[in-house]
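Work through the exercises below with the model open. Each task is followed by a solution in steps.

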Amino acid sequence: MKHTIFILVAMLFLIIGTPRAEAQHCETQKGDSMWRIAKRYKIPFREILELNRHFPNPNLIHPNDDIQLPDGEHGQSTDQPNTSLGKEIAEQAGSTVQADEVLELVNQERAKQGLKALTLSDELTNVATIKAKDMRDKNYFDHTSPTYGSPFEMMRQFGVQYSSAGENIAAGQKTSQEVMNAWMNSSGHRANILNKDYEQLGVGYVQGGSYGTYWVQMFKK
């Protein structure tokens, strides 16, 4: 009888399986990005991107979006490459990290001049990223796109409303600090970064093409 009970219990265990940890989630806050969430929860950034591939652009998340987090205890956040991720996810990771870093560096420069900090705009970042990809894929380096026209025409095509706007572009720089140094050492680019009227910033960054990297800043009020 005891053997029969043991067999029944074993069969029931096999049918039900081992208990599975519930997936963890968090709700986004105003101004959040997946990069900021990764830093807040000390989770490797690329793990969050892999779990949330249903978001087509990790820069485009909104308050109260449901973000899935890895199961288990959260360790030290890291941004080391994960070769198991696809090219698209890796590119999104790089773009999102660079957008946050450039925003931080821009606001440091504005703070030195007593200017109000800019906020990162989802819609501008999306347009800036498309512009960076367009320059890479169409092999040009210019404010006027053969696909979308001027930066102002491009913004309007994507539904971006503004009272004033500007654009900075760069190519070949390997880090956010390097591209910011280049922009700050150019009077026209510096003027955009330190324009007291601008309120929002979008940052595009992609790898590849003739220059290796392409950077775009879009500003608006």
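**Exercise 1.** In which loop is Asn 139 found?

Solution. This is a predicted model, in which local features need pLDDT of at least 70, side-chain atom pairs count only at pLDDT 80 or more, and totals for chains, interfaces and linings use all residues. Residues are numbered from 1 along each chain as its sequence is written, and side-chain values use heavy atoms, with hydrogens and water left out. Asn 139 sits in the loop between helix 5 and helix 6 (151-157); helices (H or I, at least four residues) and strands (E, at least two) are DSSP runs, numbered from the N terminus. Its phi is positive, about 55°, although Asn 139 is not a glycine. Most residues other than glycine have a negative phi. With a relative accessible area of 51%, Asn 139 is exposed (buried means under 20% relative accessible area, exposed over 50%, partly exposed in between, with a 1.4 Å probe and protein chains only).

**Exercise 2.** Check the span of helix 5 (residues 122-138) and describe its N-terminal end.

Solution. Take 1.5 Å times one less than the number of residues as the expected span. For the 17 residues of helix 5 this should give 24 Å, and the end C-alpha atoms are 24 Å apart, so the two agree. The buried residues of helix 5 include Leu 124, Val 127, Ala 128 and Met 135.

**Exercise 3.** Which residues of helix 7 are buried?

Solution. They are Ser 176, Val 179, Met 180, Trp 183 and Met 184. Down the axis of helix 7 these fall within an arc of 130°, so they line one face; the arc is that of the directions from the helix axis to the C-beta atoms. Met 180 and Trp 183, together with Ile 193, touch the most other members of the largest nonpolar core, which has 19 residues. Such a core is a set of buried Ala, Val, Leu, Ile, Met, Phe, Trp, Tyr and Cys residues joined through side-chain atoms within 4.5 Å. Helix 4 gives the largest share of this core, five residues.

**Exercise 4.** Is strand 4 (residues 165-171) mostly covered or uncovered?

Solution. Seven of its seven residues are buried. One side holds Ala 165, Glu 167, Ile 169 and Ala 171, and the other Gly 166, Asn 168 and Ala 170. Seven bridges join strand 4 to strand 6, and the two run antiparallel; strands pair if DSSP finds at least two bridges between them. Ala 171 has Tyr 214 as its bridge partner in strand 6.

Key
Polar contact = N/O pair within 3.5 Å; in protein donor to acceptor, adjacent residues only side chain to side chain.
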